[in-house]
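Please walk me through this structure.

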Amino acid sequence: MCTFVDSKKVLIMSKRYTITAALPYTNGPIHIGHLAGVYVPADIYARYLRLTGNDVAFICGSDEHGVPITIKAKKEGVTPQDIVDKYHAIIKKSFEDFGISLDNYSRTTAKTHHETASEFFTTLYNKGEFTEEVTEQLYDEEANQFLADRFVVGTCPKCGNEESYGDQCENCGTSHNATDLINPKSAITGNVPTLKQTKHWFLPLDKHEAFLREWILEGHKKDWKPNVYGQVKSWIDDGLRPRAVTRDLDWGIPVPLPEAEGKVLYVWFDAPIGYISATKEWAAREGKDWEPYWKDKNTKLVHFIGKDNIVFHCIIFPAMLKAEGSYILPDNVPANEFLNLEGNKLSTSKNWAVWLPEYLEDFPNQQDVLRYALTANAPETKDNDFTWKDFQARNNNELVAIFGNFINRVVVLTNKYYNGIIPTPSEFTQIDEETLAAVKAYPAVISSSIERFRFREASQELMNLARLGNKYLADEEPWKVIKVDETRTQTIMFVALQIASALATLSEPFLPFTSNKLKDILAVTSNAVEMSWDDISTKDTLLPAGHHIGKAELLFSKIEDETVQAQVDKLLATKKANEAANKSVEPQKEEITFNDFTKLDIRVGTVLEAEKMPKAKKLLVLKVDTGIDIRTIVSGIAENFTPEEVVGKKVTVLVNLAPRALRGVESQGMILMTETPEGKLVFVNPDDANVNNGLHIS
Ligand SMILES: [Zn+2]
């Protein structure tokens with residue numbers, strides 16, 4: 001803890017913060033959903049705390065173990081290391097490009113991390129914090145491999161999602177054991193797994209339930225976000241069970257026990273320890289001691305994550321830290337909900353995303369526009385939708401028309417009237433006084449929103465300050481006053497320049513590139529004028545008369561309709577490509593003779609009556625006029641059509657199919673149907689009034 005004295009000789013206590021941002025999984029680049037959900041809010045928070053004089057370690061790194069990486073490597077015929085090397089570099093560059101001001105971006109394949117995670121396991125093992133159990137685990141006989149995590153897919157026991165993974169259901173967020181899945185299937189071969197005995201080490205979460213209940217449900221009722229608190233409460237209320245922290249895999253951190261050969265640490269055991277390893281790596285580089293950042297009870301630990309990681313950061317990792325005994329627990333876990341894109345869920349596998357490297361190619365030097373649009377529309381309390389229209393509107397109507405316009409007018413007029421030298425004000429009017437007082441109130445307002453993790457609200461307050469500046473200029477009209485009252489014009493411009501200067505500092509957490517550019521224009525990076533967040537409230541003058549500013553430069557530029565339309569078109573092309581890829585055309589069947597074909601007696605018919613087969617979801621019982629007779633046909637179309645929809649419909653009927661009994665009703669023929677890739681049934685339809693029942697189809 002350090003203290004320092006600011007210009008007004010007020011003692012300000014500086015706090016120590018360890019801020020972590022979810023470790024991105026290293027099997028692909030990152031997209032706007034990641035940026036909006038985790039990295040931009042974490043960066044705003046870290047930048048704000050540094051600006052207000054706190055000691056900050058902002059930590060992240062690549063999560064490089066786990067099953068999806070080995071699956072991807074197998075598919076591409078490369079090693080898992082090749083995959084993580086490639087994406088680690090891409091992700092690291094994206095963070096740098098978008099101004100995510102991490103103090104360290106490490107990786108979980110780093111030597112420091114392997115050592116730290118092994119030591120952590122050993123400490124818990126020696127303290128008797130694990131239970132050992134030989135259990136039956138899912139095994140794929142053909143692949144000769146145990147199936148955990150993403151190697152197995154089945155029905156979620158909680159919500160019924162048929163594509164839940166072995167460790168977590170992406171639909172309801174529940175975390176479970178692979179053996180909990182209903183109808184499990186191997187993701188490698190598609191086979192139904194068998195059960196085989198294997199020994200694993202378990203973290204008995206049930207043992208930590210009382211502590212978690214007290215610490216979170218009682219201790220953080222007021223300060224944790226309701227979406228986070230609610231999820232945690234529901235898991236704890238459901239009852240916690242022991243979780244295996246080891247796996248039978250060959251990619252990961254070897255379990256540091258002689259009897260555990262061929263086993264590695266579960267990726268979700270090692271990954272959060274990555275925050276600690278990355279802090280160690282950073283501290284060593286900076287010549288600091290890492291331990292206070294993780295072990296001093298006055299340090300505030302804050303985890304920024306998406307909602308799919310809540311269970312790991314609020315239950316499993318704290319239980320690990322508590323079991324180890326020497327670590328602090330998170331002060332807050334401000335998890336966000338999900339961002340959707342143009343109405344659909346973001347998806348890496350379906351390429352439904354705006355990838356950061358591609359964004360920068362299409363919008364060079366416009367990182368702040370994306371940062372702003374994502375913050376102003378952040379999924380803080382519920383899932384939210386990113387649309388290119390909204391992105392354009394945020395840029396054109398707010399960044400260009402309000403923020404950029406105000407700054408541009410101030411700088412252009414100062415250069416025009418005073419050759420860039422800030423004029424000396426004379427007496428302030430009441431409006432001037434009120435305006436300057438309003439500016440002084442902004443740091444506290446924005447701080448309050450940021451400290452409560454309300455970044456949307458904070459970004460809108462920043463824009464309100466720019467609005468205040470715009471309104472002041474529009475009301476005072478210096479371009480008119482200059483013709484009649486030069487002294488008054490000097491005062492107006494002086495006031496406007498103070499607002500511009502406040503914006504340069506207060507925008508830094510949100511729009512770091514713009515803030516730098518603006519500080520250059522106003523020449524406030526020089527030693528003569530240096531400004532902290534608090535100076536805006538405490539100092540009477542931010543930019544002194546006589547200070548020389550630079551020339552005007554546009555901070556933002558208008559985004560045209562064609563530009564956003566091109567992005568929308570790109571997404572539509574992706575949608576089409578996905579649809580085409582889903583269309584799996586079955587191969588042609590074995591050749592038949594004409595004679596074979598003529599054995600089929602296919603006729604035109606009309607459905608006269610239809611009713612649902614009792615207790616059968618899919619079946620309709622139809623009375624069909626085939627031209628030959630009126631007969632009963634049972635058809636599996638009830639999920640697509642109501643009886644009312646098919647009565648009177650002309651259909652194609654295979655009439656000489658041997659009758660068969662379906663649920664006790666004899667079906668005398670078959671209605672010909674086809675099925676779209678989306679699973680929708682369509683009649684093979686002789687849809688013409690002049691086609692009479694009984695006609696042959698040949
Ligand atoms: Zn589920």
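The text below covers a metal site, then aromatic rings.

This is a predicted model, in which local features need pLDDT of at least 70, side-chain atom pairs count only at pLDDT 80 or more, and totals for chains, interfaces and linings use all residues. Residues are numbered from 1 along each chain as its sequence is written, and side-chain values use heavy atoms, without hydrogens and water.

Start at the zinc ion. Its protein donors (N, O and S atoms within 2.8 Å of the metal, or 3.2 Å for Na, K and Ca) are the SG atoms of C156, C159, C169 and C172, lying 2.3 Å from it. In sequence, these donor residues follow the spacing C-x2-C-x9-C-x2-C. C169 is buried, at 0% relative accessible area. C172 is partly exposed, at 29%. Buried means under 20%, exposed over 50%, and partly exposed in between (1.4 Å probe, protein chains only).

Now turn to the rings. The structure holds 37 aromatic pairs, meaning Phe, Tyr or Trp rings (for Trp the six-membered one) with centres within 6.5 Å. F98 and Y359 form a tilted pair, with centres 6.0 Å apart and planes at 45°. Planes under 30 degrees apart count as stacked, over 60 as edge-to-face and the rest as tilted. F98 and Y359 are 261 residues apart, so the pair links distant parts of the chain. Both F98 and Y359 are buried.

Terms used. Helix = DSSP H or I, 4+ residues; strand = E, 2+ residues; numbered from the N terminus.
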